[in-house]
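Please open the model in your viewer and keep the selection panel at hand.

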Amino acid sequence: ISDKVHIDIYMIKANEERDFHILLTSGLSSLPMNVPQGAENQAYAEIYTLLPADWKLSQEDFENEDNYWPIRQLKTLARFPHLYGTWIGEGHTIANGNPPQRMSPNCAFEGVILLAGYTLGQEFTFIDAGEKVISVLSMIPLYAEEMDFKLKKGRDALLDKFDKYNISEITDINRKNTCKKKFGLF
């Protein structure tokens, strides 16, 4: 609950042409974010995530945090810049709490990175709303080691690891941790 902005999550369910669900925030862009000087064209954003077609999305399913955490994370991220007078943009990593905690009991993700999406195509990276342009950012869950790696080596180094291990934009709670020692930590 926020007195700054109202956030909804739109769900576009998987279909015959698309084997994943799209969850998209609505409300983050209702107010401009407090962007640094020179980044005024990034003052408005919305966030989405892609979930596998077998992800449980009923209201009853959401009583289980293993199913609900992506929605909770989207809502938290969409409120974050307005609650704290800051901004979120492409390449930003955000931990799940301080200290970071697992998103749910069934997965070990402890944070996310926001990226320009690639699965939905270039035309889904922004919305031209006439008086403003809204960046559309993809929320990719991260392991703690991946967040640390990104902070030390940068976004591009982490994306190189994603490419090396063929990490999809579609959330996979069982995906490899690209920064564990056996996968080449630092």
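How many nonpolar, polar and charged residues does the lining of the second largest pocket have? By class, that lining has 8 nonpolar, 4 polar and 1 charged residues, where Ala, Val, Leu, Ile, Met, Phe, Trp, Tyr, Cys and Pro count as nonpolar, Asp, Glu, Lys and Arg as charged, and the others, Gly among them, as polar.

Before selecting anything, note that this is a predicted model, in which local features need pLDDT of at least 70 and side-chain atom pairs count only at pLDDT 80 or more, while totals for chains, interfaces and linings use all residues. Residues are numbered from 1 along each chain as its sequence is written, and side-chain values use heavy atoms, with hydrogens and water left out.

**Second largest pocket.** The volume here is about 150 Å³. A pocket is an open set of points on a 1 Å grid over the protein atoms alone, with protein on both sides within 12 Å along at least five of seven lines, whereas a cavity is a set of points where a 1.4 Å probe fits but cannot get out; lining residues have an atom within 4 Å of a point. Grid points are joined across faces, edges and corners, and the volume is the space filled by probe spheres set on them. Select Glu-90, Thr-125, Ser-135, Val-136 and Leu-137, which of the 13 lining residues are the closest to the centre of this pocket. Strand β7 (residues 133–142) gives the largest share of the lining, 5 residues; strands (E, at least two residues) and helices (H or I, at least four) are DSSP runs numbered from the N terminus.

**Largest pocket.** Next, select α1 (65–84) and β4 (93–95), each of which supplies at least two residues of the lining of the largest pocket. This pocket holds about 200 Å³ of space, and of its 14 lining residues Lys-75, Thr-76, Leu-77, Phe-80 and Leu-83 are the closest to the centre. The largest share of the lining, 10 residues, comes from α1.

**Largest cavity.** Now select Phe-109, Ile-140, Pro-141, Ser-168, Glu-169, Ile-170, Thr-171, Asp-172 and Arg-175, which line the largest cavity. Its volume is about 30 Å³, and its lining has 4 nonpolar, 2 polar and 3 charged residues.

**Helix pair.** Finally, select Glu-146, Phe-149, Lys-150 and Lys-153 in α2, which meet Arg-155, Ala-157, Leu-158, Lys-161 and Phe-162 in α3, contact meaning heavy atoms within 4.5 Å. The residues of this contact divide into 4 nonpolar, no polar and 5 charged.
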